[in-house]
Every structure is written in C-alpha cells, then in structure tokens.
Amino acid sequence: MTAEARPAPGLRRFWPAALPQGPLDYGRRLWMRVLLASVFLFLYAPIAVLIAFSFNDSKRNIVWQGFTLKYYAVAWNNADLFDAMTNSLIIAAVSTLFATVIGAMVGLQLWRFRFPFKGAYEGFMALPIVIPEITLGVSLMAFFFKLGWMTTDLGWPFNLFPIIIAHIAFCFPFVAIVVRSRMVGFNMQLEEASKDLGASQWQTFRHVLLPYMKPGLIAGALLAFTLSLDDFVITYFTSGPGSVTFPVKVFSMVRRGVTPDINAASTVLIVITVVATVLAMKMQAPDKTGKGQ
Amino acid sequence: MSAPIIQIRNVVKRFAGGTTAVDNVSFDIGQNEFFALLGPSGCGKTTLLRMIAGLETPSEGEIIIDGVDMAFTPPNQRPVNMVFQSYAVFPHMSVLQNVEYGLMVTGTPKDETRKRAKEALDMVQLGHLGERRPDQLSGGQRQRVALARALVKRPKVLLLDEPLSALDAKLREAMQLELARLQKTVGITFIIVTHDQDEALSMADRIAVMNAGRVSQIAAPIALYEAPASRFVADFIGKVNLIDATVTGVKGNEVACKAKGLGEILIPSNQPAKGQVTLAVRPEKLTLGTAAPKKAGLVKLSGTVRDVSYYGDTSHVIVTAAGIELAVNVQNDARRSSIITRGQNVWVSWAPDDTLILTE
C-alpha cells in the first residue's frame, strides 16, 4: 500500500474500518464478533441478572418491580448470613496466610533446586489442583472424623480449623505455581552480585530475592484468598453446624427459594472476588521494568 | 612484576558430567596490575574468574588472595568484587541504593555509606543520576553503576567478566580508555575476562591466553603479539600467516628453514629448532609491490592478487604466491596510492627478522 492510499491518522483513530482488513484483524470479522458476543452473553448474563435483581423491590424476585437497596440491609441484618460471611472471611484470611508461606517455599524449592524424584515430587505437589474437589472433600472429612473433630463441638473459632486446614491444602499449590513462574525470569547474577558485595544468604533473600518475588506472592495470595472465599464442595464436607461458611449458607437458603437478600449478598461476594482477581492479574503481568540488565 | 596479590596454584575445576573447565592452572597476578584472561569461548577463563570471586569452588588447588588460601571462602568474605557480564544491577533499587548496598549489608554507618557511595558515583561520572532507577539508564550507565557498586567496597582486586561485550563499538572504545584510567586512579588490581583480543591488548599490563582449560602463554601485550610462543597464540592474537617449514640447519644465530615455494631462508633466532616447524609472519610486516624489491636479504615472492578488502585506512589483500596464500595489510597512506585490483601480478616481500619460528 502506498503512503497516499493510507487514510489520515485522525480518521484512522475514529473510524478504524476506513482501513482495509488485514489478515490478522480477526476482531473486525463479523462471524468472529457474533461468536464473541454470544460467548460473553452465555457466561455473564446470569451474573448480570443476579446483580440487577439484587436491587429489585420484590419479595418473590421474578418480575422487576423497581429499584431498592433494602435487601442489602436485609442481608446485613440476617445474623446467620452475617456469621457465615464472618466465618468465610476469617477462614480465607488465615488459610491465605499459611498457603502463601507454604506455597512460596514450594515454589522456590521447585525453581531453585534439583533433587532426586523432582518430577514425582512436583506432580505430588500439584495433586490438590488435579484431583476432583469431591475426592479431596470426602477424604478430608474421613480424616477429621477419625480425629474426632467432626463429632465433638470444638467451639468457635476452633471449629473452623478443619476448613482452614482443607483450604490451605488446596490453595498452596496455586501459590507455588505463581511464585515459581515469577522466579523463572530472575537473573541469577543478581543473587551472585549480592553475595559478592558481602551479603549473607539471608540478606540476599531479604533484599534481592524477596522484592523480586513480591508481585508473585501478592498474586498468589489473592488467588488463594479468592479460591478459599468461594469454595463450596470441600467446605461442605468439612464444615459442621457451628462452622457454616457463606457459600454453604447460601446453598441452604437457596433450597427454600431465591430471595433478593441472597442476590445482594452474592453481589457483595462477586465484587470482592472480582477485585481480588483483577489485582492478582495485574500483579502477574510480565515484568516490564527489566531484569537488572 | 610487583608482589603477587593473587596466586593460583594447580587449580583444577571439573564439572559434574566430566568436563574439565580449568585444567591445572598456576600463575600469579601482581599488585596494581591490569591483568586480562583472554581466550575463545569455553576455554575456562570465566570459570577461573568465578573461582577467584568465590562463586565456584575449585576441584583441586589453591587460590591465594593476599597471602591467604581462599579457595573455599564464601564470596561475601573475600576482599574481591566483581562486575558481572549482565551488570546485575538490582532493578528494584535506585542507583544510589545499588551502590550503597554492599556497605549497607556489612553494617557500615549510614553517613559514611552515603558519603562513600556518592564519591564512587562521582568517580564514574554518575553523581547526578543517583535517584534514577536502573531501567531509566542506558547500558553504558548501568555498567558504570556496576563499577561504582564494586569499587565502593574498596576491594583489593576488581574482577570484570566481559564488561564491554554488551556495548556498541564506539562506547566500547571509550570505556576501554576509561577502565584503564580508572585502574590507574584507584590503584588496585583489575582482572578482566574477555574474548576480544583488542580489548586485552589495549588495556592490560599482562595477558594470560587460555585454551581448553590451560594457560597457553602469559606475557605483556607487545611480547604476546610479536613473540607468540605457540601456533595457537599466534593465530588467536591478531592475524598471522602460518607457513609449514622444515629446519635444515643452524648457522650461528640463524636458523635455515626450507618451505614450499620459499626455498631456503635464513631466520635470525636464538631458539633451538629442528624438524617440522611453523613460520609465522604478521600481515602488516609484508610489503606489496608491482616490481621485484631491489633491497637484498628480503624474502621475496611473486604472486597474484586473489582478493582485496578495503577498510578505509588499510586494505587487506590476499595474494597467492608459489602455491601458498598470504594475507598482506596495506596502509592506504596516500590519497592517490596505487589501487590494487584482483588478478594483478605483484611482489610480496618481508624481512627475515620479522619471521617467527614456532615449534608448537
């Protein structure tokens, strides 16, 4: 194409169709756009409806009656739902903390060291990601039952222990994967330089490795937090009467009909999850600051 | 050579898998010396440097730094510092924090740390960029940060691993001069690893040429260039014409050699030589002419120009004469100097004194 045939830059900005379609301009093909739109519709229409109906001024929540925020207040004042949310947040916070520390250590170990049966070990560490949640849930329930934790009331907050342990178990491999993939880009000469300049192993970890690892740690922690917060299957098997989490509570409420306060509470959960996920993805974005070249 | 600051004694480094990177190497490096480890890639020069830094441990031998065997001393306890090939400037710290790092981790008081770091940055002309982040610097500037960061520790020896390889040609030349000047200013030993012979020749006081894990020759640049000890060194440092020859006799201070196409020539030499040898003569020692040179006592050959590469200041000419190929460097020292063209008949000549006899 000659320079004369090209539309002015201003025109190009406001009306991209002014340019002929390039071989890789899939985003400008009609069938591609229709396909994309239907995928988004299929995935997000239910969520959009759920959020919209959380503002619906109707008890039966089938027909749109008008805008209201009162079901947010109803949800807030529902003591059981509120306790379930508190439990969920405590479990998510504690299990995220432990999952992040354990996951970071596993991630570093897999990135840094070579040892016999590493492949098997790696697979073993990823097992909680791979095996069906129901299997993990049932086996953990059997385990806690054997310990007697399921039959005796440990009293709040100790009755959250089984769930916390279960959540740590399935969250830490995700942290390990994120941390490890972050460390792959690490320039080993940075570590050598630190030691060469007189730093001990610990100082090198603290001042060089950890700052590099930080985005991976934060991303991994947010991932663990989100996974823990909305887990249903494993939690269902490991929770007792006094340790109901938000998803489990919602499930039991839904069986008696979907009321707008469930929509409202679910919307809050969606917002928390989306914010955490967006932050995690931002943190995982490739390092653009260079690698100490 | 002044008193040695580094003594390398029978050092061997074997890697898992059976490769021997450094094979029984011994030599000394003097105080305040600018020393270069030169060799093709894979010759063990970087491994040797890393063993001096403490980033690798030798399989055998001693590495004596300032009178103490430090072969197994960890890098953070050695009085040496290194400038890494990738510079390894900490990306999450400012320039000043990078330079302060080595003092900070060893518990130097804050005000002294700041003062020394600023001095070091001034020394490499980066005093005004202390607040910058490494990703806001050019490659040359990052290299200076790495230099300042190492020098601020006041090491007894500064190690430089291919420090100029990532810079473009112009900057590399400027940095060569600056490094040499810096070494004279701070007055400590510099050990530089390089595969670039120009870099080694122009900066170093002495050069160790390494090949396949062994040291081939250690000498000052001029000696290395004009009197290489082996065929490998002659060929690796600069360009050289190598001619197979047979020694036919020794007459006083002269060795008579017979080579294909050259007939018998007498070469002034003090070394004993016999049997098969290699004659080496540098391309710039050869003279090209259209007529046979009148001066007596020269090695003369008549041949045909096979190729001419023009470089502005010089032309590199390949001449086929009597069945052998000779590279000749011609200085283009006059604007209208006669132009040599391919296929032209020429005479090549050189003084027998410029010929070296290599026995290994």
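Why is strand 8 of chain B largely enclosed by the rest of the structure? Before I answer, a note on what we are looking at. This is a predicted model, in which local features need pLDDT of at least 70, side-chain atom pairs count only at pLDDT 80 or more, and totals for chains, interfaces and linings use all residues. Residues are numbered from 1 along each chain as its sequence is written, and chains are lettered from A and ligands numbered from 1 in the order in which they are written.

Now the answer. Strand 8 covers residues 189-194 of chain B, and 6 of the 6 are buried, so the strand is largely enclosed by the rest of the structure. Buried means that 20 or more other C-beta atoms lie within 10 Å of the residue's own; exposed means 12 or fewer, partly exposed is in between, and the C-beta atoms are placed from the backbone. Helices (H or I, at least four residues) and strands (E, at least two) are DSSP runs, numbered from the N terminus.

In a regular strand the side chains alternate between the two faces of the sheet. Here both faces are covered: Thr189(B), Ile191(B) and Val193(B) are buried on one side, and Phe190(B), Ile192(B) and Thr194(B) are buried on the other.

Next, the pairing, which requires at least two DSSP bridges between two strands. Strand 3 of chain B, residues 34-38, pairs with strand 8 in the parallel sense over 5 bridges. Strand 7 of chain B, residues 157-161, also runs parallel to strand 8 and is joined to it by 5 bridges. Val193(B) is the bridge partner of Leu37(B), and Val193(B) is also the bridge partner of Asp161(B). From strand 7 the chain crosses through helix 5, residues 169-186, to strand 8 of chain B, and this β-α-β crossover is right-handed. That is, with the strands pointing away from the viewer, the path from the first strand over the helix to the second runs clockwise.

On to helix 5 of chain B. Its 18 residues should span 26 Å at 1.5 Å a residue, and its end C-alpha atoms are 26 Å apart, which agrees. The expected span is 1.5 Å times one less than the number of residues. Buried in this helix are Met175(B), Gln176(B), Leu179(B) and Gln183(B). Seen down the axis of helix 5 of chain B, they fall within an arc of 115°, so they line one face; the arc is that of the directions from the helix axis to the C-beta atoms. These buried residues pack against strand 3, helix 4 (139-151), strand 8 and helix 6 (197-203) of chain B. The face turned away from the buried side carries exposed residues, including Lys170(B), Arg181(B) and Lys184(B). After the helix comes Gly187(B), with a positive phi near 65°.

For the chain as a whole, there are 8 helices and 20 strands in chain B, and buried residues make up 38% of its 360 residues.

Last, the interface. Contact means C-beta atoms, placed from the backbone, within 7 Å. By that rule 20 residues of chain A are in contact with 23 residues of chain B. Helix 8 (188-196) and helix 9 (201-229) of chain A each supply at least two residues of the side of chain A that touches chain B, and helix 8 of chain A gives the most, with 6 residues.

Key
Contact = placed C-beta atoms within 7 Å.
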